[in-house]
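Biologist: I am new to this structure and would like to learn how to read it. Please take the features in turn.

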Amino acid sequence: MKISIKTSIYEISLGLTRALCATVMAVISVQSTPLHAQQGKASPRERAGAVLYGKHCSTCHGVRLIKDDAAHDLAAAAKDMSEERFIAGAKTARGAMPSYASLLNDTQLADVYAYVKRGHSSDLDDVPMESNH
Ligand code: HEC
């Protein structure tokens with residue numbers, strides 16, 4: 001009897017320790033995820049947007065949306081931006097930003113928006129991204 005009570009207390013504490021470890025690991029993995037990175041697979045639209053972004057936008061807005069000294073942080077800018085505003089912004093030349101009105105249509109720009117809004121994920125690492133340095 002004594003032994004079996006001890007055993008079940010041991011089993012309960014082992015279970016609690018495991019649950020605690022899982023919680024701690026989950027918290028750590030959430031916190032160590034970069035700001036714009038996402039888990040899971042990108043949708044076909046988001047992948048199409050990433051391809052267009054890598055071809056047309058990454059030189060100035062950062063490879064894989066990662067902002068460096070030279071880049072204008074588009075992911076941060078798009079955070080509170082509607083799709084309409086984003087598309088209008090991409091079609092308007094302003095400073096170093098060229099107009100894409102004649103190069104990409106609204107559907108393509110909406111795909112880029114979907115990618116920028118969701119963020120980069122590791123399943124998109126195979127998408128070529130042009131860098132200017
Ligand atoms: C030659 C460099 C360059 C390229 C290429 C470029 N951008 Fe930009 N973009 C900029 C700069 C610089 C700004 C900030 C302009 C400003 O407000 O002064 C900007 C701003 C923007 C904005 C407005 C953000 C805001 O804060 O209002 C959008 C939207 C945008 N870019 C989308 C795109 C998309 C989509 C592409 C690719 C299809 C692209 N850009 C390619 C340089 C570039």
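This is a predicted model: local features need pLDDT of at least 70, side-chain atom pairs count only at pLDDT 80 or more; totals for chains, interfaces and linings use all residues.

Modeller: Residues are numbered from 1 along each chain as its sequence is written.

Biologist: How many helices and strands does the secondary structure come to?

Modeller: Helices (H or I, at least four residues) and strands (E, at least two) are DSSP runs, numbered from the N terminus. The protein has six helices and zero strands, and its pattern along the sequence reads α-α-α-α-α-α.

Biologist: What percentage of the residues count as buried?

Modeller: A residue is buried if 20 or more other C-beta atoms lie within 10 Å of its own, exposed if 12 or fewer, and partly exposed in between, with C-beta atoms placed from the backbone. Of the 133 residues here, 26% count as buried.

Biologist: And what share of the contacts joins residues 24 or more positions apart?

Modeller: Two residues are in contact if their C-beta atoms, placed from the backbone, lie within 7 Å. Among contacts with a separation of 6 or more, 76% are between residues 24 or more positions apart.

Biologist: Which residues have the most contacts inside the largest nonpolar core?

Modeller: In soluble globular proteins, nonpolar side chains tend to be buried together. A nonpolar core is a set of buried Ala, Val, Leu, Ile, Met, Phe, Trp, Tyr and Cys residues joined through C-beta atoms within 7 Å. The largest one in this model has 22 residues, and Tyr-53, Val-112, Tyr-113 and Val-116 have the most contacts inside it. At least two of its residues come from each of helix 2 (44-56), helix 4 (74-78), helix 5 (83-90) and helix 6 (106-118). Helix 6 gives the largest share, six residues.

Biologist: What does Val-116 contact, leaving aside neighbours within four places in sequence?

Modeller: With those neighbours left aside, Val-116 is in contact with Tyr-53, Leu-65, Leu-74, Ala-75 and Ala-78.

Biologist: At what angle do the axes of helix 2 and helix 6 cross?

Modeller: Axes are lines fitted to C-alpha atoms, for helices over the stretch in contact, and angles run from 0 to 180 degrees between N-to-C directions. The axes of helix 2 and helix 6 cross at roughly 100° and come within 7 Å. Helix 2 is therefore roughly perpendicular to helix 6; angles under 35 degrees count as roughly parallel, over 145 as roughly antiparallel, 65 to 115 as roughly perpendicular and the rest as oblique. Residues making the contact include Ala-48, Gly-49 and Tyr-53 of helix 2 and Val-112, Tyr-115 and Val-116 of helix 6.

Biologist: How many residues of each class does that contact have?

Modeller: Ala, Val, Leu, Ile, Met, Phe, Trp, Tyr, Cys and Pro count as nonpolar, Asp, Glu, Lys and Arg as charged, and the others, Gly among them, as polar. The contact of helix 2 with helix 6 has nine nonpolar, two polar and four charged residues.

Biologist: Is Tyr-115 buried or exposed?

Modeller: Tyr-115 lies in helix 6 and counts as buried because it has 28 C-beta neighbours inside 10 Å.

Biologist: Which residues are closest to the ligand?

Modeller: A residue is near a molecule if its C-beta atom, placed from the backbone, lies within 6 Å of it. Here 19 residues surround the ligand, and the closest are Cys-57, Cys-60, Ala-77, Gly-89 and Met-97. Helix 3 (58-61), helix 4 and helix 5 each give two or more residues to this shell. By class, the shell has 12 nonpolar, six polar and one charged residues.

Biologist: Where is Arg-64, and what is its phi?

Modeller: Arg-64 is in the loop between helix 3 and helix 4, and its phi is near 55°, a positive value in a residue other than glycine. Arg-64 counts as buried because 21 C-beta neighbours lie inside 10 Å. Leaving out residues up to four places away in sequence, Arg-64 touches His-120 and Met-129.

Biologist: What about Leu-65 and Ala-70?

Modeller: Leu-65 lies in the loop between helix 3 and helix 4 and has a positive phi of about 70°. With 27 C-beta neighbours inside 10 Å, Leu-65 counts as buried. Ala-70 is also found in the loop between helix 3 and helix 4, but Ala-70 counts as exposed, with 12 C-beta neighbours inside 10 Å.
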